[in-house]
Amino acid sequence: MKTIWVTSLGSSQDPVKKLMSRMKTYGWEVQGHFWKDDLKKMAWMAARESLMDTKISLWAILGSDDELLAADTLYGLSLLAIAAHAQRGLHFPIIILQTQKKSISSEQLSTPLKGAEMMSAADAGLGAKLVARVHKPAKPLPSEYHMDVYGNEQIGQWFEVRPQNSSWPGVM
C-alpha cells in the first residue's frame, strides 16, 4: 500500500481527517504527526525515522502561511527536509498543502524547501494530484556532495557533509 507522511503544523485534526478520507478513496494510507515546535529539544527529529521508511512515497506539510513562515517552524522543517533528501534522494517529493486562501510562494521558504510543490489543501482534485505526483517519473538530480543533519538534545545539532562519490583527505 502506498503511504503519504503528513506533518500537520496546526493542531486541528479536521484538515488531516479530510486528507486521510480523500487519499483512502485512492487506496492510499496516510501516516504522520502533529508538528511540535521545540528546537531546543530537537523535536523535529521525532519524525525523521518514520519519514525515512521506504514505504513513504511523499511528504506533505499541511499548514497555513503563518504556520509555514514562523521562523522556528521553518528552521525545523528545513532540517527535516535536509535529512529526507540525504536519505531518500533529492527527487523525494515534498508537497506544501496550504490551508488558507492566500497562497505563499516557494520562494518565501528556506533553501531546503524551495523545491517543494505548493498546493491548496482545499483543492477538490488534491487526491488525484498527489497520486499523479508520486507516479511522475523522478528526474535524477546529481549532487557532488552528501549532506545530512542529526539532532540530539544532549549534544546538539550535527551536520554531515562529504563528497558524494569520492573522499576528502582528512576529517571535517
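Analyst: Helix H1 (14-24) and strand E4 (94-98) each supply at least two residues of the lining of the second largest pocket. Helices (H or I, at least four residues) and strands (E, at least two) are DSSP runs, numbered from the N terminus. This is a predicted model: local features need pLDDT of at least 70, side-chain atom pairs count only at pLDDT 80 or more, and totals for chains, interfaces and linings use all residues. Residues are numbered from 1 along each chain as its sequence is written, and side-chain values use heavy atoms, with hydrogens and water left out.

User: Which element gives the most to the lining of that second largest pocket?

Analyst: H1, with four residues. The lining has 14 residues, and Pro15, Lys18, Thr99, Ala121 and Ala122 lie nearest the centre. A pocket here is an open set of points on a 1 Å grid over the protein atoms alone, where a 1.4 Å probe fits, with protein on both sides within 12 Å along at least five of seven lines; lining residues have an atom within 4 Å of a point.

User: What volume does it have, and how does the lining divide by class?

Analyst: About 240 Å³. Volume is the space filled by probe spheres set on the grid points, which are joined across faces, edges and corners. The lining divides into seven nonpolar, four polar and three charged residues. Ala, Val, Leu, Ile, Met, Phe, Trp, Tyr, Cys and Pro count as nonpolar, Asp, Glu, Lys and Arg as charged, and the others, Gly among them, as polar.

User: And the largest pocket, what volume?

Analyst: About 900 Å³. It is lined by 32 residues, with His85, Gly89, Leu90, His91 and Leu141 closest to its centre. Strand E3 (56-63), helix H4 (71-88), helix H5 (126-135) and strand E6 (145-152) each give two or more residues to that lining. H4 has the largest share, four residues. By class, the count is 17 nonpolar, nine polar and six charged.

User: New topic. How many residues are in the largest nonpolar core?

Analyst: There are 28, and Leu51, Trp59, Ile61, Ile94 and Leu113 have the most contacts inside it. E3, H4 and E4 each give two or more residues to this core, and H4 gives the most, eight. A nonpolar core is a set of buried Ala, Val, Leu, Ile, Met, Phe, Trp, Tyr and Cys residues joined through side-chain atoms within 4.5 Å.

User: What is leucine 51 in contact with?

Analyst: Beyond neighbours within four places in sequence, leucine 51 is in contact with Trp5, Ile56, Trp59, Leu80, Ala84, Arg88 and Phe92. Contact means heavy atoms within 4.5 Å.

User: Threonine 7 next. Buried or exposed?

Analyst: Buried, because its relative accessible area is 0%. Buried means under 20%, exposed over 50%, partly exposed in between (1.4 Å probe, protein chains only). Threonine 7 is in strand E1 (residues 3-8).

User: Which side chain does its own side chain make a polar contact with?

Analyst: That of tryptophan 59, at 2.8 Å. A polar contact is a pair of N or O atoms within 3.5 Å; within protein, one must be able to donate a hydrogen and the other to accept it, and residues adjacent in sequence count only if both atoms are side-chain atoms.

User: Last one. Where is glutamine 98?

Analyst: In strand E4. Glutamine 98 counts as buried, at 5% relative accessibility. A polar atom of its side chain lies 2.6 Å from the backbone nitrogen of isoleucine 104.
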